[in-house]
Amino acid sequence: MRPSVNRPPTPDVHENQEKEPTLQETINIKLIESGEKERLMELLRERLVECGWKDEMKAICRAFIKKKGRNNVTVDDLVHVITPKGRASVPDSIKAELLQRIRKFLVSAAL
Amino acid sequence: MSSKINSNNNNNHRINGQISLQPCPHLADFRSRHRSNPFRALQDCLRIKPPGGRAAIRRDPSEVPLCGACGDSGGGRTRLYACVSCAAVHCHAPPGGGPSHAAAHAESARGGGGGGHEIAVDVDRAELFCCACRDQVYDRDFDSAVVLAQTAASTLHAPPHSVTTPTTIRLPQPENLRKRRRVDYRPWTPDPRERSLMGSSSSPLNGTVSDSDSNSDSRSNDLLPWGLRGLNNLGNTCFMNSVLQALLHTPPLRNYFLSDRHNRFYCQKKSNCNGNGNGDGIVNRRNASNNERNNNSRMCLACDMDAMFSAVFSRDRKPYSPAKFLYSWWQHAANLASYEQQDAHEFFISMLDGIHEKVEKERRKPHSQGNGDCCIAHRVFSGILRSDVMCMTCGFTSTTYDPCVDISLDLEPNQGGSAKMASTKSNHASNGEADCLNSSQNSGISTLVGCLDRFTRPERLGTDQKFFCQQCQVRQESLKQMSIRKLPLVSCFHIKRFEHSSTRKMSRKVDRYLQFPFSLDMAPYLSSSILRRRFGNRIFPFDGDEPEASNELSSEFELFAVVTHTGKLDAGHYVTYLRLSNQWYKCDDAWITQVNENIVRAAQGYMMFYVQKMLYYKASEKQVAA
């Protein structure tokens, strides 16, 4: 038996990806459709304000604008400057809380 | 309308009262291509989450926008933008954060001879972005459309396109009509003539140099800041002494009286028409004081304040008896004239009222109290509160403005539920010290900032207190939100510690501890901030948004006096803590002692006095003390 001869050609990897979304994308779309993503973002926003993260970012932006002059700064520049600092300074407790919420959502969505 | 806007739009964009000088050429180009209504297509895609929620852009309410090039759904390192020309959705990441398909889209459109695809809209925020400039851009028409949709479509019942502009928010006005009030700072140094005049007719406050050879008692006194003088208790008058101590050290009030702006001798003469020797109008203090003795019938609280300021800032440290002031106040507030204990807050309101009334009588001119241009009391203490009541059915918002001389705050209800705490905690980080913040979050201690959060939080009015909606013409459930439109120079917060329960027909005092910061930023509670939180970053000129109100400098306050109360509802004692040159002093009637700031932090505050930071002469007062 040589079944492999009759088998249709394997689609190449690129095509496959376009058709079937990755697990991460599926979860993301589920989160959006259920409205959970919006709730999570609201929670995150609130937590980041509470812990002073937002003020910290604001201060960095202000300092940057002062340095560069306020007519020579774009939103893109600001995002570029604060992104590494911002990502690094999100408190672990907040990350844990969000992860917990996402896990809970996944469990409830899988049922 | 749009042509008029265009002509205004050329140079200066004003964003919540601030000017940005760079108009984006791409936005201008886009506008000129679509003259009539450039954002018409977008308006149908505006989705508002109810009520008073954020605005988002979706072609279909359940659409999950994905990048047309890579299928990215936003979040992570990218944001999603919809091209305002062709509605194509693309992701965008700042340089270094990955590819920007939105920028590529704008580029390829220009390459194909199209152009005009540079402007895109953030699908989750409904804010405009220029992919060529890589910067946020602002458009008056677009922003007013979003704000309109947001105020209108506050509930699910009303889809945005069926709405016939039910809003109280005014249409954009040309910028030059908005008065910009600002006083330029001009440094002043006295010329020789002025210098000699000042030298001859005044004595310096810190005249310790010339008098240092006097007795040792005065030298030890000179270590204390000026104006610290005990006030004798005249029979249960600690409520008055405590407030007076705070007022005597209110910087703008002190400066007003010490710079002779209300001269008691001159004032007496003016109100006393049958007085003697007032023909030439030149004030002769000696004559005038005779005059004053002859005529005690006319009472003026401001004159008594002036006398008290003179006495307290003289070099005499012996406790002072404000008997004349008390007598005048009794005449003003006859119902409170007794030797019984009174409420300090009631006294505060009543005496400001007394000072105001006198001036009003004198000038016979209509003044609006909120503007604070009527008398020194209101110029210092008066602010304006804004109250928005939004109908939960149609979204109609009615806005009212009320002048106030202080802000009365409810103590937060007993904490236990952490869920409730979370919602009141949104602005803590900007104010409190980090450790205080954590401790308050853990143990649920009430804080002044928490009280202010509660004060400005949107509050759903219950079914029993429905509000008459002008749009629906019936009483509807509504959402009420307070904010501060204009901050006073000196903010007085009164904590409602005396609780009255109508059901049990009894009053009691709440002894709960309240944490208060030494420095307070009021910016989150300003109307401009509250509205910005509701509508996002817009150049829509919000109703009543004043440039000076959004000035960050004037929203920072420093604590300078705390009136505390110990004891019960019907019997207790008031003590004031004063902060002078960053050192705390306890004023307990006639006794003044220096105290540690921890004692102040632990005290049970009843009234807190905060002054705008730029009027709190921290540095210079230190110099005087040194």
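Biologist: Which residues in α13(B) are buried?

Modeller: B:L301, B:A302, B:C303, B:D304, B:M305, B:D306, B:M308, B:F309 and B:V312 are buried. This is a predicted model, where local features need pLDDT of at least 70, side-chain atom pairs count only at pLDDT 80 or more, and totals for chains, interfaces and linings use all residues. Residues are numbered from 1 along each chain as its sequence is written, with chains lettered from A and ligands numbered from 1 in the order in which they are written.

Biologist: What makes a residue buried?

Modeller: A residue is buried if 20 or more other C-beta atoms lie within 10 Å of its own, exposed if 12 or fewer, and partly exposed in between; C-beta atoms are placed from the backbone. In α13(B), 9 of the 12 residues are buried, so the helix is mostly covered.

Biologist: How do you know that the span of α13 of chain B agrees with a helix?

Modeller: Helices are DSSP runs of H or I, at least four residues; strands are runs of E, at least two; both are numbered from the N terminus. The expected span is 1.5 Å times one less than the number of residues. For the 12 residues 301-312 of chain B that comes to 16 Å, and the end C-alpha atoms are 16 Å apart, so the two agree.

Biologist: Why is a set of residues called a nonpolar core?

Modeller: The set holds buried Ala, Val, Leu, Ile, Met, Phe, Trp, Tyr and Cys residues joined through C-beta atoms within 7 Å. The largest core has 122 residues, and B:A120 and B:V243 touch the most other members. Its largest share, 8 residues, comes from helix α9 (residues 238-248) of chain B. A second, separate core of 6 residues includes B:M390 and B:C469.

Biologist: What makes β10 and β17 of chain B a pair?

Modeller: Two strands pair if DSSP finds at least two bridges between them. β10 (residues 383-391) and β17 (residues 478-486) of chain B have 8 bridges, in the antiparallel sense, so they pair. In β17(B), B:Q481 is the bridge partner of B:D388.

Biologist: Where is confidence lowest in chain A?

Modeller: Helix α1 (residues 3-6) of chain A is lowest, at a mean of 48. The score is pLDDT, the predictor's confidence in each residue, from 0 to 100. The mean for chain A is 81.
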